[in-house]
Amino acid sequence: MENNTIIVDHIEVALEGERNLLEVIRKVNIELPTFCYQPELSIYGACRMCIVEVEQNGRKGLMPACSTPPVPGMVITTNTAQIRKLRKITVELMLANHNMECTTCSRGDDCKLRQVANDLGIEKVRYRNIVQPAEIDDSSAAVVRDSSKCIKCGNCVRVCREIQSVGVLDFAYRGSDTVITVGFGHGLGESACIGCGQCLKVCPVGALTPNFQIDPVWAAISDETKVTTAAIAPAVRVAVGEAFGFQPGEVLNGKIATALRMLGFDRVYDTVFAADETILEEGTEFLGRVTGGGVLPQFTSCCPGWVKFVEQFYPEFIPNLSSCKSPQQMLGSTVKDVLVTKEGLKRENIVNVSIMPCTGKKMEAKRPEFAVDGNPDVDYVITSTELIRMIKQAGINFAALEPSEFDMPFGEGTGAGVIFGASGGVMEAALRFAANTLGYEPKCEQLRGEDGIRSADVTFGDITVRAAVVSGLANARQLMEDIKAGKAQYDIVEVMACPGGCVNGGGQPLHEHHLDTVARRTKGLFENDVTLAHSSEENKQLVAMFEEHFGKIGGHKSHELLHTTYVDRSKNI
Amino acid sequence: MSINLENIAASFNERMDQHKYRIMICGGTGCIANGSMEVYEKFQEVIAAKGMSVSVQLDKHESDVVMSCSGCQGFCQRGPLVTIYPEGIFYTKVKASDVEEIVEETLVKGNIVERLLVVDAETQEHIKHVHEVPFYTRQNRIVLENCGHIDARDIEDYIAKGGYVQAKRAVLEMTDEEICQKVLDSGLKGRGGAGFPTGLKWTFARKAVSEKKYIICNGDEGDPGAFMDRSLMEGNPHAVLEGMIIAAMGIGASEGHVYVRTEYPLAVERIKLAADEARRMGFLGDNIFGSGKHFDIFIMEGAGAFVCGEETALMSSIEGKRGMPNPKPPFPANKGLFGYSTTINNVETLASVPIVLAEGSTYGQLGTENARGTKTFALTGNVVNTGLIEVPFGATLRQIIDDIGGGVVDDDGTVKPSNFKAVQIGGPSGGCLTPEHIDLPLDYAGVQKVGAIIGSGGLVVMNHQTCMVQIARFFMQFTQNESCGKCVVCREGTKQMLDLLDDIIEGRADENTIPLLEELAYAVQDGALCGLGKTAPNPVISTLRYFRDEYEDHVFNKHCAAGRCKALANYVINPERCKKCSLCMRTCPNGAISGSREEGYRIDPAKCIKCGACQAACKFGAIEVK
């Protein structure tokens, strides 16, 4: 073959290393409907929607585009009468084993199945509906599964196994009785599920959704005896706008603050404040371990999925986890402590609501160590997706809102805190703090990048810090095995369960091509960073609070409020 | 270490010649189920009691009589089978209670127990010797030859029949290229169903660049009514292992796996024993045949999923994953088990390999232009002689059903040529052949042309009391139960096809049902991921092709000519036979029968639930189904 090209629907396309025909076909602006294809996962080839006609060496046949490697000289036709008919029948078959109560499905308008069925003009399913009654598994605080909506594309099974190396989901039974289930039919909440919610990001239908907490939040807002606070995580500000016509990565904390006040929250805070608080504590802890001969490497503990992963699979590394609470939990305990002490409010009358990009944070807030006499530090956690829904429920025209400021003292944040939302951000913020503390230039961009595992030696004078940044728990598992085998040595390691960090959390708005969206959200955070104070100790409200309220960084009071302990959960898996 | 196979064979034969009698009992699964092991033990007991010395072949003792236990001899209908050598006296349907008489008459007095002999259906003569039985003489038993003639547990017995000579040659004397070329030249095609040229498959693997290579024997035979591979593994496991050694030398594999379903316990036991024996002899393991080469074989028991017979699903299963097929490409020759180049051959294919490799083999001259050699078939259904047979490609249904099978039986046991309605060939992936194909030479292309496949060799014969819609439904239920659930069209499509067939059978069908069924059948064929899914609709497509009027009779007339579809049955009382006893009325659970002793009784079809209770109760046969 002299030409490295193929023909797709009469258009000649040059091959540039595409892995499969689907990538080539998308290059000529043809969007074949797919349910089981996810570029970051292994090829599955089960939904049969991307079947195309391939002519090669004089032979013609139907091939799935996702699993067929392009070969120069192929002639591809994506849209024949036979293919149209086949696609229609395939979708009809899925619908015949699907709970079609679409109007009350929490997936709403962005259900891929509904969209494709509509595009194909399916007005009637000619086959008998054989769906089994809904078995709803809401045992997990993070994710709810509704088997009656599952189309068995297997995306959740593969993302859990391949990206997160957790593997709590798999297929069981055969034929039309095939289901996706947790081992032994247990609920997700009793399983090794770490709550990351990556499964629901790849679910094309409403079978996997965040465990919605909108109703209790409305109830708290309406309860006049309660002071209801809201706090938004860094990654939320670059994603919520996507539901209202903004581009991924546009920083909209001002509009979000206004919307939260309009929804009825009494105080509107910024979790970035607590990110800075985390850096002061965790950075100090790290310097203490380095100078005091403590256990190294120190692992970050911001990500609840990662923390549970260590507790389950690597309990021998629990001493390596930073004892610092995550920013969400630091803010929760700080807010309640300060409001009680300074304003004389009763703890039980304060309702802290976190708005997170993360479903795992819902599980984290329910950990018993994060409560005082049964009263949780964070009362409710809602995701970006749920905030969007609340804004829509209230009829707020988000795009037109005037921006407003967060409430003080928990409304100030530095750029170092903002970049917590992206993989590598916590590490960079910690290094900025360390550099300042040790008297060096706080420019620490060595660990930025998109790879799942990144590492660098960061030098401050005669001190060299061996640092690594990891996202995706399969990558983390590899790193842990390397550390165990003595193949890698580090002093400090940041791990985020979701690939790319919190910007790609399971609570973020869903997108067809989410990898591109993640990159844009990350860019947005780093652009926001340079407009703000550079390092966490420059957060004036925070510094003042330490002076007035906590005393010393890493001192007795902060240990009581801002640090935690972990549990060996290896027997539970 | 040099291994002299000739010496082993000679000393084995010498030892066997010392025995006055050798009694070969069929130890195939069918005969064992009918009590052949009790017969085997009874013989030892009775012979010893008569004052003769008796030994078991495996013990290798000197004695008057030696007891051997073979694998499946194929004539399952007539089991348990007992053959007494050197003469080859062939007794069938032998029970433990017959043993006393056999020993006394045949072994002691030299007489024949006539009532246990096979009777020739045409001449009504008793047939004394195994080599004269028409069931066998009308076949070409080549791959199956040793099944039934050797003790499957004794590696020396296999060596005495020329076993492992070809493996030794392949290991010591032939290049990988020569081996592949020889197999290619023989025209051997995969016997598992797809009929892909074996030599070509091996050549792909031979040329593949891979750090490690595997050869897998696919023994996950799962078609309803098929037991060719089981019989081979039970009856001649060493032939399969020898084929694998040759294949390994041809493609450069260092490790082999036999994947055999756990529902074949005897096959598992025998193939495991065979591998241990081969290892003990130095045919497997390090330094095989003293060559310095390493090749070993492991036995993996499959949990019984039909889909694990599909090669990519089979490999997933060996890897410890759920047995689900994966898209091809990549093909196993390039990226197979654990990511390495892998060749997967069916049991029968591998057992054929030593035969085609032999110098001067005429095996490839049998058969037809596009299908050379022989094929084993599991002959079942409405036929006199059910069992395992082997014929050259190009044999006709007439030869198989009438000459070997002894003709089609009606439900009442009569044999008439007009009883023949159809055969299902190729199992759930196959189709049906009808009286119009009775003289069609059976080979891959010929059968495919008429809408069926040779498949792995299941052959179910059906008479006129068979409802073809029910047959289609049977296979559809099977494929739906066995669908791995991965791709949409197979998982959901076969379920919906099953539902539509149920509509037809249960009287709910309307004018849309057949078109919907047919459209869906072709969609599953076009759209399914793996070979099993793509072929799952074949029984429906094929019965629609040849028996559409039968389908239409069900749909439009709500009538099943074979009388098999209960919901379509119309119960009526024949007044000429009715004695007006009222028993039917009193038996009917739904009050559908009314009348009086004076006027007689009638069944209200609207109320009748077709349970058949009235018919069972009537003492005069007055209740008929129309």
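The expected span of a helix is 1.5 Å times one less than its number of residues. Keep that rule at hand for the helices below. The model described here is predicted.

Start with helix α11 of chain B, residues 237-251. The helix has 15 residues. From its first C-alpha to its last it reaches 21 Å, close to the 21 Å expected at 1.5 Å a residue. Is α11(B) enclosed by the rest of the structure or exposed? A residue is buried if 20 or more other C-beta atoms lie within 10 Å of its own. For α11(B), 15 of the 15 residues are buried, so the helix is largely enclosed by the rest of the structure. Just after α11(B) comes B:G252, which takes a positive phi of about 85°.

In soluble globular proteins, nonpolar side chains tend to be buried together. Here the largest nonpolar core has 349 residues, and B:V240 and B:I245 touch the most other members. The largest share of this core comes from α11(B), with 10 residues. Which residues does B:V240 touch, leaving aside those up to four places away in sequence? They are B:C217, B:L232, B:M233, B:I271, B:V347, B:L350 and B:A351. There is also a second, separate core of 13 residues. Among its members are B:C588, B:A592, B:I593 and B:A622.

Now step back to the domains. Chain B is assigned five stretches: domain 1 (5-137), domain 2 (163-357), domain 3 (374-466), domain 4 (469-557) and domain 5 (569-625). Take domains 2 and 3 of chain B. Their centres, taken over C-alpha atoms, are separated by 29 Å. Across the boundary, 15 residues of domain 2 of chain B are in contact with 17 residues of domain 3 of chain B. On the domain 2 side, the residues divide into four nonpolar, six polar and five charged.

Chain A is assigned domain 1 (5-79), domain 2 (103-208) and domain 3 (215-572). The C-alpha centres of domain 1 of chain A and domain 3 of chain A lie 42 Å apart.

How do the two chains meet? In this model, 25 residues of chain B are in contact with 29 residues of chain A. Three helices of chain B each supply at least two residues of the side that touches chain A: α17 (468-482), α18 (488-505) and α19 (513-527). Which helix gives the most to that side? The answer is α18(B), with eight residues. By class, the side of chain B that touches chain A has 10 nonpolar, seven polar and eight charged residues.

Just after α18(B), B:G507 takes a positive phi of about 80°.

Chain A also holds an open sheet. Its four strands are ordered β13-β20-β19-β18, and the pairing is mixed. The edge strands are β13 (298-299) and β18 (453-460) of chain A, and each pairs on one side only. Strand β13(A) runs parallel to β20(A), residues 492-496, and two bridges join them. In β20(A), A:I492 is the bridge partner of A:Q298.

Finally, check the backbone for details. Two cis peptide bonds deserve a look. One joins A:M408 and A:P409, with omega about 5°. A:P409 sits in the loop between α12 (384-393) and α13 (415-418) of chain A. Another runs from B:K328 to B:P329, with omega near 0°. B:P329 sits in the loop between α13 (311-318) and β11 (341-346) of chain B.

That loop between α13 and β11 of chain B also contains B:F338. B:F338 has a positive phi of about 50° although it is not a glycine. B:F289 is another non-glycine residue with a positive phi, near 50°. B:F289 lies in the loop between α12 (265-281) and β10 (296-302) of chain B. Which of these residues is buried, and which exposed? B:F289 counts as buried because it has 23 C-beta neighbours inside 10 Å. B:F338 is exposed, with 11 other C-beta atoms within 10 Å.

Technical notes: Residues are numbered from 1 along each chain as its sequence is written. Chains are lettered from A and ligands numbered from 1 in the order in which they are written. This is a predicted model: local features need pLDDT of at least 70, side-chain atom pairs count only at pLDDT 80 or more; totals for chains, interfaces and linings use all residues. Two residues are in contact if their C-beta atoms, placed from the backbone, lie within 7 Å. Ala, Val, Leu, Ile, Met, Phe, Trp, Tyr, Cys and Pro count as nonpolar, Asp, Glu, Lys and Arg as charged, and the others, Gly among them, as polar. A residue is buried if 20 or more other C-beta atoms lie within 10 Å of its own, exposed if 12 or fewer, and partly exposed in between; C-beta atoms are placed from the backbone. A nonpolar core is a set of buried Ala, Val, Leu, Ile, Met, Phe, Trp, Tyr and Cys residues joined through C-beta atoms within 7 Å. Domain bounds come from an automatic or database domain assignment. Two strands pair if DSSP finds at least two bridges between them.
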